[in-house]
Amino acid sequence: MGAQAEVTSLDEVRKRKRIEDLTREHGDYLRALARKLCRSQVDPDDLVQDLFERVLRTEMPDGANERAWISRIMHNLFIDKLRRRAARPEQPAEVEVAAPPREEHVWWEALTEREVRAKLATLPEEQRVTFELFAFHGKSYDEIAAKLKIAKNTVGTRILRARMRLRELFTTERGDG
Amino acid sequence: MGSCEHLERTSMYFDGELLPAEERDAADHLATCEECQAVLSDAVGLHAVLSRAQPAVVPIMRRRRWQLAAGAAALVVAAAIAIVVLRPKPQPSPDHVALVLPAKRSLEARFTGAVTGKFRPYESPSDRAHEAIDMRALAELEQRGDTRDLVGALAVTGELVRAAEVARKTPTDAAAFSDLAGIALASGDPEGALDFAYQALDKNGELEAAHWNLALAARKLKYWRVSRAGFALVEARAEPGWAVEAKQHVALLDRELTRGGDIVKLRAQFQLLVKAGSVRATIADPGFRGDDIAEFERRSRSILEDETPIELADVRRFPSHALKFLAESLQGATPDIVEGLEPVARALDKIAASHVATSMLTTRRDPFAEVTSFDEHCKNDIYAVPCVPLAWQLARQQLADGNVTDAEHIAQAGRDLALREFIPVDYTLFAEIHRKANRSALARADAEEARLTTP
């Protein structure tokens, strides 16, 4: 066999290996994320399946956080599914329709946990505490409301504001608005 | 804040704080609102970046032991919360806080602590992957110097780096190595786990937890027989709970292994078909024992002589072998043999959605002669038979050129294919690769698997 054949073979092998590695390192996380996204609306197994098919056809950008990168792809696929469902409500959501690939950059793709924690520290106290109870201590809105003696709606508002503020801080910092 | 009035609902949707009826509205709205899509994206991104089992933990377990201390120190920052609580000199807690664990365990691995090592049924984790434990109980364990339960408790709460650090404080202990194997399993590093489990067993061959973790690691790495042996040993010890779970694992592994037995039968059938038609062809099959010849003789004769349709279920299950059989049987076959083989060819073409097999009946072309590229042919299971030796060959080439990593990737792909199609695995190749890569644990498992394979 020629040298050419060997090169393509290696690519193929690496590709398979990559999917295997992704499953091993992020499989549980991805299934959990799919359930979080899909809730009662879309079949999460379907979403995970689509994700792997997409990942095989996409190169990870340099410097990306792998888990963040696959999460972005899953988010985009989920939105695509919702769009298809909205466009053709009589069809089940899993009917395959060619969707335009949406590979735009997102602000959180190359972040590390440490960077986010550092930026969190600059948030207004009430937002920071609420967000940390939710994200790091796994507390539900109800538990946080009880602990901080605030209304549940306020918890939701604070968490949303914290997320949006982090987006603002990181995007301004990078200067791409 | 943006202008859409539903941003908060979208955020709550992702956080699971809506009622199912509200979820429907939120999802419908998300389909069209870009602002809400951005809010969902923010939530997904922060969840991804902050999710506990960061892949960063994995490389640390893969490093050599002497590198681990330094690597762990660098990552300590990431585990800041735990360290605040578990400072070397914690404040004495006024009350006794016992370590209480949830009723189900979130890690499949087994730890050696008196409390954390107690059997709890395993339930694969969903949303909240880690077990919630009172932090004061952890501090107390540290104060008491209960290293074993401290390691186990840290591991189940997801503090894997910290757990590994604590385990390393008692490096001469078999239990410590067994726990490290458990931590490695939890960080998705079966290779490291295998290494640690073997070290634990070298120090104490009776340690059930080490056999358990070895079995889990071996299964992950597809050493079915090594894994089965580990679980079988735990089953034999008859400890409450663990023995039952071990028995289930053994049963599953047996199923995996006996599916391999079916192919022996199938090959025997093919062999007979070949004989009955006086076709001068042999199927290279070191595993062929011929015990079932009588059973299959009648059937294969009736296929050829009485035009009984061949059992296509077998062809469907082992298409690669069937194609090979077809190619070999066609060499010098008489017209009635060709006719008898037609159902096999048709079934194969249906599987592969091609006309390769039926055209072989007229052209007598051997499609395997053209299989030279893993890339082109190995996506299709029907080519597994020639692709597996091709993989061994390519891997050996890479190994000879000093590309150990590439050699390993190819060999692993070959092994996946081989296991799927029940083709014998060249474990000497793996042992060679692992020797070159200086990974004794895998070389040891290769040798063990090979030993258990030959009766």
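Chain A of this predicted model has 7 helices and 0 strands. Read from the N terminus, its elements follow the order α-α-α-α-α-α-α. Of the 177 residues in chain A, 33% are buried. Among contacts in chain A with a separation of 6 or more, 58% join residues 24 or more positions apart.

Two loop residues of chain A have backbone angles worth checking. A:Arg39 sits in the loop between helix H1 (3-38) and helix H2 (44-56) of chain A. A:Arg39 is not a glycine, yet its phi is positive, at about 45°. Is A:Arg39 exposed, partly exposed or buried? A residue needs 20 or more other C-beta atoms within 10 Å to be called buried, and 12 or fewer to be called exposed. A:Arg39 has 18 C-beta neighbours inside 10 Å, so it counts as partly exposed.

The other residue is A:Lys149, found in the loop between H6 and H7 of chain A. Its phi is also positive, near 55°, and A:Lys149 is a residue other than glycine.

Two packed helices are described by the angle between their axes and the distance between the axes. For helix H6 (residues 141-148) and helix H7 (residues 152-174) of chain A, the axes come within 8 Å and cross at roughly 105°. Angles of 65 to 115 degrees count as roughly perpendicular, and H6(A) and H7(A) are therefore roughly perpendicular to each other. On the H6(A) side the contact is made by A:Tyr141, A:Asp142, A:Ile144 and A:Ala145, and on the H7(A) side by A:Lys152, A:Val155 and A:Gly156.

Chain B contains 24 helices and 0 strands. It has 455 residues, of which 45% count as buried. Residues 24 or more positions apart supply 60% of the chain B contacts that have a separation of 6 or more.

The buried residues are B:Leu7, B:Arg9, B:Thr10, B:Ser11, B:Met12, B:Tyr13 and B:Phe14. After H1(B) comes B:Gly16, which has a positive phi near 70°.

In soluble globular proteins, nonpolar side chains tend to be buried together. The largest nonpolar core has 59 residues, and the members that touch the most others are B:Ala155, B:Ala181, B:Leu194, B:Ala197 and B:Ala217. Helix H10 (residues 174-186) of chain B contributes the most to this core, with 10 residues. Domain 2 (57-221) and domain 4 (374-453) of chain B each provide at least three residues to this core. A second, separate core has 50 residues, including A:Val42, A:Ile73, A:Phe134 and A:Leu160.

Leaving aside residues up to four places away in sequence, B:Ala217 touches B:Ala181, B:Leu185, B:Pro190, B:Ala193, B:Leu194 and B:Ala197.

How do H10(B) and helix H12 (residues 208-220) of chain B cross? Their axes come within 9 Å, at an angle of roughly 30°. That angle makes H10(B) roughly parallel to H12(B). The crossing of these two helices, H10(B) and H12(B), is left-handed. H10(B) makes the contact through B:Ala174, B:Ser178, B:Ala181, B:Gly182 and B:Leu185, while H12(B) uses B:Ala209, B:Ala210, B:Asn213, B:Leu216 and B:Ala217.

B:Leu107 is placed in the loop between helix H6 (80-85) and helix H7 (135-144) of chain B. Is B:Leu107 buried or exposed? With 23 other C-beta atoms within 10 Å, B:Leu107 is buried. Not counting residues up to four places away in sequence, B:Leu107 touches B:Ala155, B:Val156, B:Gly182 and B:Ala186. One of these, B:Gly182, also takes part in the contact between H10(B) and H12(B), and B:Ala155 is among the core members that touch the most others. B:Leu107 and B:Thr157 are 50 residues apart along the chain, and their C-alpha atoms are separated by 9.8 Å.

Notes
Residues are numbered from 1 along each chain as its sequence is written. Chains are lettered from A and ligands numbered from 1 in the order in which they are written. This is a predicted model: local features need pLDDT of at least 70, side-chain atom pairs count only at pLDDT 80 or more; totals for chains, interfaces and linings use all residues. Helices (H or I, at least four residues) and strands (E, at least two) are DSSP runs, numbered from the N terminus. Two residues are in contact if their C-beta atoms, placed from the backbone, lie within 7 Å. A nonpolar core is a set of buried Ala, Val, Leu, Ile, Met, Phe, Trp, Tyr and Cys residues joined through C-beta atoms within 7 Å. Domain bounds come from an automatic or database domain assignment. Axes are lines fitted to C-alpha atoms, for helices over the stretch in contact, and angles run from 0 to 180 degrees between N-to-C directions. Angles under 35 degrees count as roughly parallel, over 145 as roughly antiparallel, 65 to 115 as roughly perpendicular and the rest as oblique. A crossing is left-handed if the near helix is turned anticlockwise from the far one by less than a right angle, and right-handed if clockwise.
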